[in-house]
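Biologist: Please take a close look at the aromatic pairs in this protein. Pick one part and walk me through its surroundings.

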Amino acid sequence: MSDYIFKAFIVNCSEYDNGNKETSGAWLYFPTDAEAVKNTLAKIGLSENASPDTYFFDDYIYKSGDNETVFPKKAAIDELNYLSVLLGGMNKTERNTFDAVIETKEHTANIASIINLAHNIDCYNLVYNMYSWENVGSYIAEQQGFDVGVIGDLADYIDYAAYGKDYAERNGGYFLSDVYLERVSTDFKIKYNGVVENIPPEYKIKPSKKQITEKGVNNMSDYIFKAFIVNSFEYDNGNKETSGAWLYFPSDAETVKRTFAEIGLSENASPDTYFFDDYACGNDDLKKCFSQYESVDALNYLAMRISALEDVEMAVFQIALEAGKCKNVIDAINLTYNTEYYDVWHEISDYDDLGRNMLLDKDIILGELCEYFDLEAYAMETERSEGGKLINGVYLKPGCTDFKKVYEGNTIYIPSEYRVTSVEYEQGYSDEKFNQANGIINNTDKKPSIKEQLRAISNERPKSEQQPQKKPREETL
């Protein structure tokens with residue numbers, strides 16, 4: 001196949017891990033179509049609606065340049081198609097500019113960054129016939145309006161190479177072989193927030209398979225995350241193969257009712273009758289927030305809150321997750337209400353650059369003394385004191401607003417529009433006890449699990465209300 005932008009070697013994770021390395025992968029050419037994806041996935045043992053966590057990309061061949069090494073191993077097929085269509089719509093100058101920026105390793109932290117770069121090529125300009133730093137310096141001097149003719153022979157004493165290097169360093173320019181890459185605008189717009197569901201339809205190759213019908217939400221591809229829910233009683237009785245099923249979030253009451261019935265739970269089953277054995281999520285940082293013992297309503301609460309975020313809010317949410325601001329589902333839910341709490345600075349190359357921006361933010365101008373100021377140490381100390389985080393070229397810090405803790409962890413108080421179960425919590429599930437249970441979601445195994453605490457709560461009820469005691473379940477996560 002000759003008419004492609006790049007090709008990617010897609011690998012079935014399960015087959016690869018089982019040692020079938022020679023037959024676990026195949027080349028997929030981009031841009032692609034639904035039929036080609038279906039056939040390629042089938043060839044490597046994956047279903048046509050395989051989620052991104054079931055495959056990875058082991059190699060790339062990019063026809064325009066030697067840039068395959070910066071394309072990520074983890075990406076969704078739709079994301080790569082998105083990128084390839086954008087690249088296919090560029091003219092030669094735009095493509096050369098894209099390749100030049102990629103060569104500098106800017107905007108290559110992940111597939112979302114590369115896609116956003118493709119949307120913002122007009123922020124850069126590529127100057128040809130630059131064969132040395134002296135050429136670069138001379139070009140910059142001319143662009144700055146310096147008339148060499150005015151000083152005549154004195155121009156021979158100007159160190160254009162040093163001037164070009166210093167100017168490029170200060171303004172984010174790069175000398176690359178025989179071209180000079182300069183940044184002409186700082187108005188870099190985030191067009192893609194990293195959520196596959198938000199890819200514009202014209203760039204997708206797999207149609208959304210979510211269908212809202214009288215039966216509820218079909219368990220297909222249009223979801224924030226999915227969780228493998230298990231009936232504790234059936235699991236403890238040895239029916240491990242039939243005791244669980246995937247539940248996709250956001251969900252609805254009918255789908256949850258049907259899934260509960262499938263694994264032998266009543267429609268008003270309480271959280272102490274089930275657990276979650278596995279999660280699949282396109283964001284690894286979000287996945288770290290999930291534990292084995294969660295409430296279906298709380299998970300749906302989170303998924304619906306995430307799906308309602310605007311693009312800018314989603315970008316802040318993902319950066320905050322990556323910065324480690326969320327330890328559990330409660331934190332993640334509250335973060336969705338508080339994206340305006342954080343200020344985000346983009347295009348921060350390192351701690352020196354961060355320190356320089358911090359000084360500018362405080363209207364501190366050091367002039368020549370800036371060369372003797374330890375910007376790195378100042379930035380690191382300020383980052384620590386104000387609770388900020390520099391990560392992948394972005395600095396996240398608390399802003400001027402208060403962080404409002406909307407959800408404390410008691411599922412009784414989840415708003416009705418986010419609920420998908422009909423469970424009625426008894427008075428024994430007091431705020432104090434339920435919050436205490438949720439507060440140790442991500443603690444070590446040495447402490448009792450939420451399930452054990454909920455069982456302890458159950459023991460406090462009259463014997464007539466207690467459920468039969470089950471043997472402790474063997475931990476699977």
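Modeller: The count of aromatic pairs comes to 30. This is a predicted model, so every value here is computed from predicted coordinates. Take Y301 and Y337. Their rings form an edge-to-face pair, 6.4 Å centre to centre, with 70 degrees between the planes. The centres have to lie within 6.5 Å to pair, and planes over 60 degrees apart count as edge-to-face. Y301 lies in helix α12, residues 296-307. Y337 lies in the loop between α14 (329-336) and β12 (342-345). The pair therefore ties together parts that are 36 residues apart in sequence.

How do the two partners stand in terms of burial? Y301 counts as buried, because its relative accessibility is 1% and the cut-off for buried is under 20%. Y337 has 24% relative accessibility, so Y337 counts as partly exposed.

Y301 has another aromatic partner, Y407. That pair is edge-to-face too, at 5.4 Å centre to centre and 75 degrees between the planes. Y407 sits in the loop between β14 (394-398) and α17 (431-438). Y301 is in α12, so this pair ties together parts 106 residues apart in sequence. Both Y301 and Y407 are buried.

Now move to N338. This residue is also placed in the loop between α14 and β12, the loop that holds Y337. At 0% relative accessibility, N338 counts as buried. Its side chain reaches the backbone nitrogen of K404 at 2.7 Å. Leaving aside residues up to four places away in sequence, N338 touches D402, F403 and K404.

Elsewhere, aromatic rings also gather in a group. F6, F30, Y55, F57, Y60, Y62 and F71 form one aromatic cluster. K7 lies over the face of W27, 4.6 Å from the ring centre. The charged end of K226 sits over the ring of W246, at 4.5 Å from its centre.

Last, the whole chain. The protein chain has 18 helices and 14 strands. Its length is 477 residues, and 46% of them count as buried. Among contacts with a separation of 6 or more, 66% join residues 24 or more positions apart. The Y301–Y337 and Y301–Y407 pairs link parts 36 and 106 residues apart. The accessible surface of the chain is about 25,000 Å², and 47% of that belongs to carbon and sulfur atoms.

Notes:
Residues are numbered from 1 along each chain as its sequence is written. This is a predicted model: local features need pLDDT of at least 70, side-chain atom pairs count only at pLDDT 80 or more; totals for chains, interfaces and linings use all residues. Side-chain values use heavy atoms; hydrogens and water are left out. Rings of Phe, Tyr and Trp (its six-membered ring) pair if their centres lie within 6.5 Å; planes under 30 degrees apart count as stacked, over 60 as edge-to-face and the rest as tilted. Helices (H or I, at least four residues) and strands (E, at least two) are DSSP runs, numbered from the N terminus. Buried means under 20% relative accessible area, exposed over 50%, partly exposed in between (1.4 Å probe, protein chains only). A charge sits over a ring if NZ of Lys or CZ of Arg is within 6 Å of the ring centre and within 35 degrees of the ring normal. A polar contact is a pair of N or O atoms within 3.5 Å; within protein, one must be able to donate a hydrogen and the other to accept it, and residues adjacent in sequence count only if both atoms are side-chain atoms. Contact means heavy atoms within 4.5 Å. Accessible areas come from the Shrake-Rupley method with a 1.4 Å probe; for residues, only the protein chains shown count as cover.
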